[in-house]
Each structure stands twice: as C-alpha cells, then as structure tokens.
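Take a look at the two chains below and keep the viewer open while you read. We'll go from a sheet, to the contact between the chains, to a couple of single residues.

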Amino acid sequence: MKQSRRNFLKFAGLSAAGLCLAPATAAMASGGGTSKEGHAVVNSNSLHAKRWAMVIDTRKLNTEEAIEALAETCHHIHNVPTIESDQNIKWMWTGSYGEVFPEQENNFPSEDQEKHKFPLLCNHCEFPSCVRVCPTKATFKRADGIVAMDYHRCIGCRYCMAACPYGSRSFNFMDPRTHLDMDKINTKFPTRMRGVVEKCNFCVERLAVGELPACAEKSGGSIVFGDLQDPDSNVRKALRENFTIRRKPTAGTEPGVYYII
Amino acid sequence: MHYGGKIITGLVIFLGLVSMPFWFNIGGSFQEPKLELPKDAKICVAPTENMRRNHMKLLNEWRDMALREGKRTYISAKGDKYTISLQNTCMKCHASKEQFCDKCHNAASVTPYCWDCHVPPKEAK
C-alpha cells in the first residue's frame, strides 16, 4: 500500500502521544514514592534546639589545669593532634582576660582577673563570617545554629581563618596522623587530612545520639549548654541570673558562647 | 602521494604502538578479585549487585545526609535501621579494609581518599 500523507500524519500523532505517556506509565509501574528506596531520618534519640548556645561560668572554671583537662577530653574524642609549634591544632584552649576580651579590658584589673585563665573555643556565631567567605560552602551554619565543617569539601584556602575574629580555626599543615598515637585514637571519630581547616563542632556527633558536648558534660556544671530560644532552658536561666559578656561585640558576629564574669 | 611509502609505514608503526596494550593482553583473562565477605552479617544495607555498582554514590549521599542535614539514621528498602557512618557501620561488618575494599580498588586501579580521614579497622595505620 502506498503511504499517504494523511496516514503518515495519523501515525506520527499517535507515536508522539505514546512517547508522552511512556514515562508516566513507567513511573506508575515502579510503584512511585520513596517507600521502596532507602532514606535517611534524624536519630530518634538526638537532642534538638532552635539555637544551641553555651554559658561558661568563669567564676568556677578559671584555672589552666581545669580548662586543660576539658580540652584534653575534647581533643581526645575528636582526634585532635598536639603539635608543639605554631602549627598546633586546637579546638579548645586558654587565654588571659585581655586576650579573650580585648575590647573590654581595663587598665587596672582586679588581682583575680589578672590571674584567671578563660576557656576559648569556636563561638558558633549567629552571623558567622567564616561561612560568609567560604567559597565551597565547606563551612556552613546549621538550622540549630551550629557552625559546622564538611571536611570533604574544604579546599584549604583558609579564607575562613582570615575571616574568623576569634582565631577559632586551625589549619592542618601536615598529616595530623603523624602527631597522633594511632593506637590510642578514638576509632569512632575520623581524623582529618593534610590541607583542611578544622574547628570545634559543639559536639554535633554527640548531640545526634542524645549526649551533651564533652566539655559541658565533664565541667561539673561550670559549662551550661542548651537552647537559647527556649525561655525555660538552663542556658536562659543562667543568662537571666548572671552578668555575662561575649567576645568582641564590635565584630558583630553574635557569638553563641557567653561568659559569666 | 609523494611520500606514500614513508607515510604508510609511519602510520602502521604508530597504530602498532597505540594498540600495544591490546596486543600484550590478548588471550589473558581478568581474574575477578576474591573478596572476604563479612562472617557475622548476612545482609547489607542494599542488595549486593546494587552495592557493587553504587556504593560510592551511597557513601556520597550518606556523607551529606549525616554532616549537612543531620540525618544520621538510614532506613533501608527493607525497613532496617542503620547508623549512617562509614567507620562505625560499614567497617563493623567489613572488618578488613585490605581483604574487602582494597582488593577491588587495586584491581580497578582507583584510590579513593576515604582513608585519609576515616579510620579503617585495626590492621592498617
């Protein structure tokens, strides 16, 4: 039979309609929805907050030894190496009043204040300048206010270190494993590799399984950790009852770490 | 064809050199690496064939889910729950990196950088 133009057009129309329907029927045949595939959910026992914050009572926690003990715990569970040079990695460390609150220093401080040491860590700011400058979004602010690092994405440009007004970030100039006792590391937590920036993470991995940050847990009450947005939380209670200051208010980053003086 | 002879000889030598790998490997057969399968676990988070083909995609998804979205529990297609963790979940069953991961990766000549940070089970440093 000779193909007429009329028949050809009919056939072409039908084929086009068939092509349109094919994906839809295929989707229906596969059952649709995500119920058949694997998916991820938040741990049922994890701790939640609208805005995590920390209040440090420096009336109780102010000696080098006490703070060092907390830092040691923190550094051990996160496999942070100790490198005896200016290339050291630190998640928690100490400083004098003038170093910690340079804008709020007086010329004639009290004797106590002169002697005291203050714990330092990442401030998990409301407006983190490190996040703003990171070109790969390796550092980012979570919905609960924690400023976290995705080491898979970090390219080691160190913009974040330049941007952080608190010096809370450390760069891995060398393979941290060469400075860790690999037999004694915490095998539940990864190490880092050479060429990435690292910092305190408010123990997100512990919050996810229902535990408080290690320093808060070990401090015996001198570090309070909780939800800043919840008026009944222990953090808000501590802020209500005490005079507190934060580091470098003029930087405008709104730190999430408060110090009772 | 002024230099026909030279050109054709040159081409033949060139093609011979380029196809050298094929000549060398003619007749040989690829030995599929023998993996040491987990002793105390029978099922994986996904079917074997799927894992063999897509484990790298799954690991990439897991990394984003756990780190960036905070979702650290994985519910498999069968409905089983797993903690999202290379080091603490995958490597608990696949207890030997050398006998499991490395065998295929060496055969395929790929060197993923997972182990620069994640701690493999005891055997390796």
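## A sheet built from both chains

Keep in mind that this is a predicted model. Three strands form an open sheet in the order β1(A)-β1(B)-β2(B), and the pairing is antiparallel. At the edges you'll find β1 (39–41) of chain A and β2 (81–83) of chain B; each has a single partner strand, so one side of each is left without a neighbour in the sheet. On average, neighbouring strands here are turned by 35° against each other, if you ignore direction.

What holds strands of a sheet together in general? They pair through backbone hydrogen bonds, either parallel or antiparallel. In chain B, three bridges join β1 (residues 73–75) to β2(B), and these two strands run antiparallel. For one of the pairings, look at B:Thr73, whose bridge partner in β2(B) is B:Thr83.

## Where the chains meet

How many residues does each chain bring to the contact? Chain A brings 31 residues and chain B brings 24 residues. Between them, about 2,500 Å² is buried, with carbon and sulfur atoms giving 52% of that area. On the side of chain A, the residues that lose the most area to chain B are A:Ala40, A:His152 and A:Arg177, which together make up 23% of what that side buries.

Now for the polar side of things. There are 15 residue pairs in polar contact between chain A and chain B, counting pairs with both residues at pLDDT 80 or more. The count of salt bridges between the chains is one: the side chains of B:Arg68 and A:Asp150 meet at 2.8 Å, N to O. As for elements, β1 and α7 (204–207) of chain A each give two or more residues to the side that touches chain B. Of the elements of chain A, β1(A) gives the most to that side, with three residues.

Is A:His78 buried or exposed? A:His78 has a relative accessible area of 1%, so this residue is buried. You'll find A:His78 in the loop between α2 (64–77) and β3 (92–96) of chain A. A polar atom of the A:His78 side chain lies 3.0 Å from the backbone oxygen of A:Cys74. Beyond its neighbours within four places in sequence, A:His78 is in contact with residues including A:Trp91, A:Phe189, A:Arg192 and A:Glu205.

Over in chain B, B:Ala77 sits in the loop between β1 and β2. B:Ala77 is partly exposed, because its relative accessible area is 48%. B:Ala77 and B:Pro47 are 30 residues apart in sequence, and their C-alpha atoms are 9.4 Å apart in space.

How values were computed:
Residues numbered from 1 in each chain as written. Chains lettered and ligands numbered in written order. Predicted model: local features only at pLDDT ≥ 70, side-chain atom pairs only at ≥ 80, totals over all residues. Heavy atoms only, no water. Pairing = 2+ DSSP bridges. Helix = DSSP H or I, 4+ residues; strand = E, 2+ residues; numbered from the N terminus. Axes fitted to C-alpha atoms, helices over the stretch in contact; angles between N-to-C directions. Buried < 20%, exposed > 50% of the residue type's maximum accessible area, 1.4 Å probe, protein only. Polar contact = N/O pair within 3.5 Å; in protein donor to acceptor, adjacent residues only side chain to side chain. Contact = heavy atoms within 4.5 Å. Buried area = accessible area lost by both parts, 1.4 Å probe. Salt bridge = Lys/Arg side-chain N within 4 Å of Asp/Glu carboxyl O.
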